[in-house]
Amino acid sequence: MGVALFSLVRLFVLCYITLGLIPQLALASITRHYTFDVQLQNVTRLCHTKSILTINGQFPGPRIVAREGDRLLIKVANHVQSNVSIHWHGIRQVQTGWADGPAYITQCPIQTGNSYVYNFTIVGQRGTLWWHAHISWLRSTIYGPLIILPKRGVPYPFTKPYKEVPIIFGEWWNADTEAVIKQALQTGGGPNVSDAYTINGLPGPLYNCSAKDTFKLKVQAGKTYMLRIINAALNDELFFSIANHTLKVVEADAVYIKPFDTNTILIAPGQTTNVLLKTRPSHPNATFFMTARPYVTGLGTFDNSTVAGILEYDSTALHSTLPMKKLPLHKPILPVLNDTSFATKFSNKLRSLNTPRFPANVPQKVDKQLFFTIGLGTNPCSQQKHNNQTCQGPNGTMFAASINNISFTMPNNALLQSHFFGQSNGVYSPYFPISPLIPFNYTGAQLNNTNVSNGTKLMVLPFNTSVELVLQDTSILGAESHPLHLHGFNFFVVGQGFGNFDQNKDPKKFNLIDPVERNTVGVPSGGWVAIRFLADNPGVWFMHCHLEIHTSWGLRMAWLVLDGKLPNQKLLPPPLDLPKC
């Protein structure tokens, strides 16, 4: 009897514990599986049909949705002739650098007929990110949203939206983008520009033959919508606005910010911005253009066109005398193409939320101060390559781009493998300079000698180094805004300004309280930006301009963060299916 009673009590206690755990289990992280088949697909835009590289035949690619804390297993199978790799833009990849994706940096690309499983956990992140191909210019068609929802039961720090809508900007070329960049690198000149910008893959009615290919955002009156905006364009920062509507900016690069209202946002390639759109309380008897066009600071040619989608109010509950097509169509007024004043004011409004739940953990002390110049330059015309023809860069040279005057040469072996297996000799040098070897008036008169040096150099950082990096634009071939993206980390934008950075005066104005935290920052045209980050993630991490042509020309470098002493401070061994070169 006593044994039976004890068993009954034990069963009751076990049931109670198990039932008590059920709410906890509901909160537990889960593993999500995705399959990405890289395949060709015929797609028609601007009355032009071409075969493009896609994921699962979709353009743009499929949406990945996960929650903070979830593990993702994404099998990428390559069914095309091109080598492919995929980058999960903005994901920290804590200890999982093998899954970061940039070809020849953290992995060899996936070759034809092969596959690779990207295996990573989303640690301490929630918001809008995205994924894209990270080899040559394949990201022109291989890209899509990566949406991280908060953990279950954790609310947004703003009004819960009625609906969430991804808005992803892209660029469309009638030509093959691989032929475009190949030609540019061969001739040394600037690349041919795109034929259209797109919203969710659609160019919209302002382009030839594209009225039917228009993104329409259908909304109800009196509701709040969250637009998850992503700039996946290759070479253009973009202004975006919705006619007669205010946008409340609440997040940048998957980090909450202090909300502010604006009619227009500026978003650089690689960046994401979440905005709340509050619709009119009643049907406005009108439709509204939502348009984007470039912000341009450089001297090169660019796609000077405008993509438009349409905001339509649901009219089912409305006894309107006019059909939708007859309603007046309002158009927004966007800033002028080179409105650097707007760009500066907009970026200055971005501040971290900095609440107890979402603190801004800005490094207050700095272990390593670095000063990097970034900008364009030239390489001499290689006559052997050009059959004695003149190159099409400045004064018969070839365009190049550099950081601290080093134009980064892509290795033939992946840097992370070379580091992990101690085989760096002949692959890379660990001596990237902490500042320009020869200081000069960075934003002053243009120089006679515009040549860059070329090499594969890494900046080595001991684990947990606190870094302050000043990125200084140069006017060697004309000042230009550069969206710089750092893999493996978020950073805090503690200061920015125009002209040459002044080490004696400018740091006194740094914001160390609530600076915006992001993964991609626009270095002002003819100016500088200062960032701080903690190197607490072992591995090799790419940093590059997210204007694809500048990356191709060499405006890129990599950081090597060494292992820490504890097990959770070390890079994990490579997966067995890691691609081979």
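**Entry 1**

I began with Glu548, which counts as buried at 7% relative accessibility. The model I am reading is a predicted one. Side chains of opposite charge can pair when their charged atoms come close. I found Arg139: its salt bridge with Glu548 has the closest N and O atoms 2.6 Å apart. I then noted where the two sit. Glu548 belongs to helix 5 (residues 548-553). Arg139 belongs to the loop between strand 7 (127-133) and strand 8 (143-149). The two residues are 409 residues apart, so this pair links distant parts of the chain. I checked Arg139 as well, and it is buried, with a relative accessible area of 1%. Both values fall under the 20% cut-off for buried.

**Entry 2: Thr141**

I stayed in the loop between strand 7 and strand 8, where Thr141 is also found. Is Thr141 buried or exposed? At 10% relative accessibility, Thr141 counts as buried. I listed what Thr141 touches, leaving out residues up to four places away in sequence: Ile52, Leu53 and Phe59. For Leu53 I noted a polar detail. A polar atom of the Thr141 side chain lies 2.7 Å from the backbone oxygen of Leu53. I also took one distance across the model. The C-alpha atoms of Thr141 and Tyr256 are separated by 29 Å, and these residues are 115 residues apart along the chain.

**Entry 3: other salt bridges**

I looked up the total: the structure holds 14 salt bridges. I wrote down some of them.

Lys248 and Asp261 meet through their side chains in a salt bridge, at 3.1 Å from N to O. Lys248 lies in strand 14 (residues 247-252) and Asp261 in strand 15 (residues 255-262), so the pair ties together parts 13 residues apart in sequence. Lys248 is partly exposed at 31% relative accessibility. Asp261 is partly exposed too, at 45%.

Lys365 pairs with Asp367, with the closest N and O atoms 3.0 Å apart. Lys365 counts as exposed at 56% relative accessibility. Asp367 is partly exposed, with a relative accessible area of 46%.

I also found a network of salt bridges that links Lys258, Arg351 and Asp514.

**Entry 4: helix 3**

Which residues of helix 3 (residues 340-348) are buried? I noted Phe342, Ala343, Thr344 and Phe346. Then I looked at what covers these buried residues. The cover includes strand 13 (237-242), strand 14, strand 15, strand 16 (264-267), strand 18 (287-295) and strand 28 (491-498).

Note on methods:
Residues are numbered from 1 along each chain as its sequence is written. This is a predicted model: local features need pLDDT of at least 70, side-chain atom pairs count only at pLDDT 80 or more; totals for chains, interfaces and linings use all residues. Side-chain values use heavy atoms; hydrogens and water are left out. A salt bridge is a side-chain nitrogen of Lys or Arg within 4 Å of a carboxyl oxygen of Asp or Glu. Helices (H or I, at least four residues) and strands (E, at least two) are DSSP runs, numbered from the N terminus. Buried means under 20% relative accessible area, exposed over 50%, partly exposed in between (1.4 Å probe, protein chains only). Contact means heavy atoms within 4.5 Å. A polar contact is a pair of N or O atoms within 3.5 Å; within protein, one must be able to donate a hydrogen and the other to accept it, and residues adjacent in sequence count only if both atoms are side-chain atoms.
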